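Here is a friendly walk through one protein model. Have the sequence and the 3D view ready as you read.

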Amino acid sequence: MDLFGNVPLTTDFTDTSIPDQKSRAEIFNFVETELLENVDKLADSHSKNYSRATKAMAYTILAKIYLNHEKWFGTARWQETIDMCDEMTKLGTLDLESDYFANFIVNNQSSRETIFAIVYDKVYASGGSNGWDRKFRFHQLTLHGLSQETFGIIDGTWNGFCTSQSFFETFDLTGDARSNMWLYDPQYDATGQPLMLGSSQLNYTPHVTSLYDAANPALANEGIRFAKYEYEYGLNGECMSNDFVVYRYADILMMKGEALVRQGRTAEALPLFNAVRERTGLPLYVAADLTLDEIYAEQGREFVWEGSRRQDMIRFGKWTAARDFKEAEADNHTELFPIPARVMTNNDKLVQNDGYTN
């Protein structure tokens with residue numbers, strides 16, 4: 001519903017015919033109904049149901065679909081967002097961790113903040129030799145090969161993913177504890193010795209010259225790398241043992257806060273945002289700070305690399321704007337992905353999303 005909008009749907013498992021395409025509104029109604037009709041059948045939280053559907057997870061998804069309803073369909077449902085966040089909070093089973101990074105350590109299954117996580121383990125839940133898509137491999141995706149010596153990683157790393165310079169510059173590197181997720185400036189091994197690239201030291205810099213020439217040795221330093229999830233020292237293999245956090249309690253507080261601000265109830269939103277902000281070490285907000293632009297920026301800083309930014313960018317009207325390596329778009333058709341050609345071939349009942357050719 002979020003990515004593609006208009007997708008096939010069937011609820012009859014005896015029907016072997018090709019399913020009909022449904023509108024985004026029909027899919028929304030189906031998802032909403034399924035959640036509301038079944039939430040009471042679920043356990044409250046994940047204390048004995050780790051990585052399974054719970055009431056907490058269901059209320060979180062409901063809050064999210066109501067939060068995005070105005071963007072998707074033109075009708076605001078801010079109050080329903082608030083109501084679902086309140087239902088989640090009333091469960092009384094979750095709370096913020098005092099240490100932001102407690103949510104992302106190797107053994108993060110005990111976090112009080114996690115609503116739903118995908119389980120990974122370097123031995124027991126790594127996907128096997130053919131399970132590429134089921135490995136949690138942030139260490140491989142982002143680190144330069146020399147950074148293996150910083151974390152004692154016994155595996156190949158790809159010198160790949162980094163953050164954009166403009167996003168990195170939204171962080172207060174001296175005041176915001178979350179800034180410790182970034183690897184930047186000169187790099188050292190585990191004993192404090194410089195990591196040397198020939199005659200010069202490895203030095204992660206914010207500026208990225210090109211998206212298409214990253215293999216060029218002259219550009220090896222470029223790009224701020226990512227260490228939000230703890231890299232287990234001595235990790236041998238392609239899969240980390242940290243569980244990937246999909247939803248956490250900070251999101252509940254900030255979704256409710258955003259909905260309140262959009263209703264003009266900023267004073268009520270203020271303690272919610274400050275509860276999350278307090279552990280960052282930054283000054284607490286005053287009501288005048290809580291503009292939509294600031295809320296958007298703070299959500300980026302809080303939930304970076306947790307998989308929610310595209311949805312935020314679309315909801316706040318930022319998706320089609322110009323940014324690093326991207327020009328402004330003439331229309332908003334890319335807010336939906338194209339239906340893949342293979343899927344279109346296999347189901348002749350499908351109509352491609354606007355703005356794309358089959």
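Predicted model: local features only at pLDDT ≥ 70, side-chain atom pairs only at ≥ 80, totals over all residues.

In soluble globular proteins, nonpolar side chains tend to be buried together. Here the largest nonpolar core counts 51 residues, and Ile 65, Met 88, Ile 115, Phe 273 and Leu 290 have the most contacts inside it. Several elements give two or more residues to this core, including helix H1 (24-38), helix H4 (78-90), strand E1 (114-118), helix H8 (249-262) and helix H9 (266-277). The most comes from H2, which gives 10 residues to this core.

Another core, of 31 residues, lies apart from the largest one; among its members are Phe 104, Phe 226, Tyr 229 and Phe 244.

## The largest pocket

Which residues lie nearest the centre of the largest pocket? They are Cys 162, Thr 163, Ser 164, Phe 167 and Trp 305, out of 44 residues that line the pocket. The space in this pocket comes to about 1,300 Å³.

Helix H7 (165-168), H10 and H11 each supply at least two residues of the lining. H10 gives the most, with five residues.

You will find Trp 305 in the loop between helix H10 (292-303) and helix H11 (309-315).

Asp 185 belongs to strand E3 (residues 185-186). With a relative accessible area of 40%, Asp 185 is partly exposed.

## A nonpolar patch on the surface

Now turn to the outside of the model. Leu 211, Tyr 212 and Phe 325 form a nonpolar patch on the surface, and together they have about 420 Å² of accessible area.

Is Tyr 212 buried or exposed? Tyr 212 counts as exposed because its relative accessibility is 78%, and exposed means over 50%. Tyr 212 lies in the loop between strand E6 (203-204) and strand E7 (225-226).

Conventions:
Residues numbered from 1 in each chain as written. Heavy atoms only, no water. Patch = residues over 30% accessible without salt bridge, like charges linked within 9 Å, V, L, I, M, F, W, Y side chains within 5 Å. Areas by Shrake-Rupley, 256 points an atom, 1.4 Å probe, with all protein chains shown as cover. Salt bridge = Lys/Arg side-chain N within 4 Å of Asp/Glu carboxyl O. Helix = DSSP H or I, 4+ residues; strand = E, 2+ residues; numbered from the N terminus. Buried < 20%, exposed > 50% of the residue type's maximum accessible area, 1.4 Å probe, protein only. Core = buried A, V, L, I, M, F, W, Y, C linked by side-chain atoms within 4.5 Å. 1 Å grid on protein atoms, 1.4 Å probe; cavity = no way out; pocket = protein on both sides within 12 Å on 5 of 7 lines; lining within 4 Å. Points joined across faces, edges and corners; volume = space filled by probe spheres on them.
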